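Visitor: I have a structure to go through. Could you take my questions one at a time?

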Amino acid sequence: MKESLTKLIKLQAIDSHLMEIEEQKGDLPAEVEYLTRELVNLEEGTAQKSARIEEIETESRRLAGSLEETRDHLKRYQEQLLLVSTNRAYDALMAEIDTAKKILDDGEFHLLELSDERQRLTDEIKADELQLGEKRTYLDAQKETLRKTVSATEAETKSLETERAEILAQIEPRFLNAYERIRAARDGLAVVPMSRGACGVCYNRIPPQQQVEIKAMDQIVTCESCGVILFWRSD
Ligand SMILES: [Zn+2]
């Protein structure tokens, strides 16, 4: 039992050390992930706008061509108007002329709308690209900081993980399960020294009989209040 407890104490020391290393990285990993996603969204948005501009250009060309034809028709109708001899033919031509004029008005208005939309999208893409450039620079800097932090602690992390794996193999599964369960519930702390007769986590007073058991270190004693495994270490 003493041996199991000693191994759990050692495991906790390793895990606490690994947590400290993780804390050094702070919010950087999350920030890098967030920035990367933001960049992808922005790039996708810009690509959609560029695709829309191409659509607008195709549509504008098609419409301009069709308006050109209508203009030709209109010119022809107006010439024919001088040659008609009956009222009926005159009225029919006038109706064609009105229709052609309406098509030209509508078409030219739509061309203007397309041109406005194109301009707005072009301006937006310019602003997006400015933003993209700034964000890329910032992301690269954050990535570099993270890379340096990771590489500075890499060797230490690796040796701690090796040590951890060795110890894990030596601990009975039931103790290991208890350890992981308590650790998950107590912010990574599962094995804690008793401190001045109280639990080192919740400061709950430990009854004298339990204090004796803890000092003997020959059984696993947990805090009645918060459930962490307590051990004895001379202050
Ligand atoms: Zn406690």
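Visitor: Which side chain does Arg183 meet in a salt bridge?

Guide: This is a predicted model. A salt bridge requires a Lys or Arg side-chain nitrogen within 4 Å of a carboxyl oxygen of Asp or Glu. For Arg183 the N to O distance is 3.7 Å, and the partner is Asp15.

Visitor: What residue ranges does the domain assignment give?

Guide: The assignment divides the protein chain into two named parts, domain 1 and domain 2. Their C-alpha centres are 55 Å apart. The ranges are 6-171 for domain 1 and 175-231 for domain 2.

Visitor: How many salt bridges are there between domain 1 and domain 2?

Guide: A search of the whole structure gives 20 salt bridges. Between the domains there are also five residue pairs in polar contact, with both residues at pLDDT 80 or more. The salt-bridge count between domain 1 and domain 2 is two.

Visitor: How far apart are the closest N and O atoms of Glu22 and Lys25?

Guide: Side chains of opposite charge can pair when their charged atoms come close. Glu22 and Lys25 both belong to helix H1 and are three residues apart, about one turn of the helix. They form a salt bridge, and the closest N and O atoms are separated by 3.3 Å.

Visitor: What is the strand order in the open sheet?

Guide: The sheet has three strands and mixed pairing. Strands S1 (191-193) and S2 (221-222) are the edge strands, each pairing on one side only. The order is S1-S3-S2.

Visitor: Which residue in S3 is the bridge partner of Val221?

Guide: S2 pairs with S3 (residues 229-231) in the antiparallel sense, over two bridges. Val221 falls within the S2 range of 221-222. Its bridge partner in S3 is Leu230.

Definitions and conventions
Residues are numbered from 1 along each chain as its sequence is written. This is a predicted model: local features need pLDDT of at least 70, side-chain atom pairs count only at pLDDT 80 or more; totals for chains, interfaces and linings use all residues. Side-chain values use heavy atoms; hydrogens and water are left out. Domain bounds come from an automatic or database domain assignment. A polar contact is a pair of N or O atoms within 3.5 Å; within protein, one must be able to donate a hydrogen and the other to accept it, and residues adjacent in sequence count only if both atoms are side-chain atoms. Two strands pair if DSSP finds at least two bridges between them. Helices (H or I, at least four residues) and strands (E, at least two) are DSSP runs, numbered from the N terminus.
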